[in-house]
Amino acid sequence: MTDQFTFKLLATDGGARRGKISMPRGNVRTPAFMPVGTGGTVKAMYLDQVRDLGSDIILGNTYHLMLRPGAERVARLGGLHDFARWPHPILTDSGGFQVMSLSGLRKLDERGVVFRSHIDGAKHEMSPERSIEIQGLLDSDIQMQLDECIALPAEPAEVQRAMELSLRWAERCKTAFGDQPGKAMFGIVQGGDVPELRVKSAQALNSMDLKGYAVGGLAVGEPQAVMLDMLSITCPELPENKPRYLMGVGTPDDILKSVARGIDMFDCVMPTRAGRHGLAYTRFGKINLKNARHADDPRPLDEESTCPAARDYSRAYLHHLVRSNEALGAMLLTWNNLAYYQSLMAEIRDGIASGKFVDMAARISEGWARGDI
Ligand SMILES: O=c1[nH]cnc2c(CCNCC3CCCCC3)c3[nH]c(NCc4cccs4)nc3cc12
């Protein structure tokens with residue numbers, strides 16, 4: 001048990017890192033995949049299942065929770081951990097990214113973002129200070145700075161403006177967060193696909209001596225090669241004794257290639273959202289259970305999996321559930337997908353610890369390419 005927030009680098013293998021984040025509510029083995037818990041729940045899952053799959057930490061969704069049921073109400077009810085019955089670490093985002101992608105009428109300026117709720121149209125103001133206050137009311141263990149993430153491609157001048165605004169907001173978030181020993185506030189590196197802006201953003205955040213660093217502004221429409229190039233430029237500028245979180249990433253292939261470039265933490269809606277849309281992630285690649293070719297297939301998704309959803313149900317049955325829009329279809333495929341992602345992360349952690357990351361990554365990628373699934 002610890003009352004501090006610490007990161008320990010346990011092993012490296014090329015650019016890949018094996019580490020451990022220690023917090024009062026528990027430890028996070030890195031590289032880690034963080035399931036997205038939107039309204040304090042990972043959709044279509046019980047949180048006990050999420051935990052049993054090997055998830056050390058989940059994401060709380062600040063934008064949704066501040067609108068409904070409200071951050072002050074969650075605080076009155078004891079904070080998000082008690083509210084959702086998840087006693088382990090929670091990382092909350094600032095809410096800013098979803099304001100930009102979910103809410104209607106919005107205005108962004110130096111003070112922050114003014115927007116209308118997509119639920120009832122009510123007007124809300126989100127400043128860096130208010131975002132940190134909300135994340136504190138949720139009793140979040142890792143809080144994210146408010147930032148401005150712009151879609152790519154974008155004009156370099158626009159990339160620079162958003163990056164410099166995000167740096168000023170990082171300072172304000174650091175001040176608002178203050179000194180909370182068992183918790184962390186992570187800065188977010190911006191700079192789009194412009195190398196010198198990425199370096200400038202990383203170096204400026206570095207000098208703020210934060211407890212962790214996210215790489216933002218990626219997986220927003222650019223090709224994977226551009227994303228990977230930006231990681232190769234950004235990660236070396238970040239302190240090696242602090243965790244690095246690549247926001248919104250990604251596919252299993254994205255994760256393998258990003259771990260190889262020094263990333264420790266990932267979040268992505270893909271495994272959960274895809275599960276609700278009939279898509280199964282397996283070690284043989286993706287399988288779309290909506291496809292009629294599965295209608296008579298008695299095989300499970302993966303008979304060697306330890307996850308019942310992958311091992312015990314025929315593809316024919318899963319196809320039937322998905323085609324009939326049965327809730328159990330979404331439940332079983334979400335369960336399978338998160339189990340696959342967490343098994344991939346466990347294999348990655350073992351590969352790094354045994355100095356076999358490159359061979360392991362090659363073997364995993366060949367499995368996806370096998371086809372005939
Ligand atoms: O610079 C960024 N700053 C802040 N957030 C970002 C996010 C959201 C990460 N997941 C938040 C979760 C919080 C809890 C609820 C679910 C989201 C990104 N997601 C992506 N790509 C995936 C994308 C998803 C949608 C459009 S692009 N790039 C991102 C870049 C940034």
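The ligand sits in the largest pocket. By pocket I mean an open set of points on a 1 Å grid over the protein atoms alone, with protein on both sides within 12 Å along at least five of seven lines; a molecule sits in one if more than half of its atoms lie within 2 Å of its grid points. Please keep in mind that this is a predicted model, where local features need pLDDT of at least 70, side-chain atom pairs count only at pLDDT 80 or more, and totals for chains, interfaces and linings use all residues. Residues are numbered from 1 along each chain as its sequence is written, and side-chain values use heavy atoms, with hydrogens and water left out.

So, who are the neighbours? The ligand is surrounded by 18 residues, and Asp 147, Gly 217, Leu 218, Ala 219 and Asp 267 are the closest; here, a residue is near if one of its heavy atoms lies within 4 Å. That shell divides into nine nonpolar, six polar and three charged residues, with Gly counted as polar, Ala and Leu as nonpolar, and Asp as charged.

Now the polar contacts, meaning pairs of N or O atoms within 3.5 Å. A polar backbone atom of Leu 218 is 2.7 Å from a ligand nitrogen, and one of Ala 219 is 2.8 Å from a ligand nitrogen. Asp 267 uses its side chain: an N or O atom there is 2.8 Å from a nitrogen of the ligand. Of the 670 Å² of accessible area that the ligand has on its own, the protein covers 81% (Shrake-Rupley method, 1.4 Å probe).

Methods. A polar contact is a pair of N or O atoms within 3.5 Å; within protein, one must be able to donate a hydrogen and the other to accept it, and residues adjacent in sequence count only if both atoms are side-chain atoms. On a 1 Å grid over the protein atoms alone, a cavity is a set of points where a 1.4 Å probe fits but cannot get out, and a pocket is an open set with protein on both sides within 12 Å along at least five of seven lines; lining residues have an atom within 4 Å of a point.
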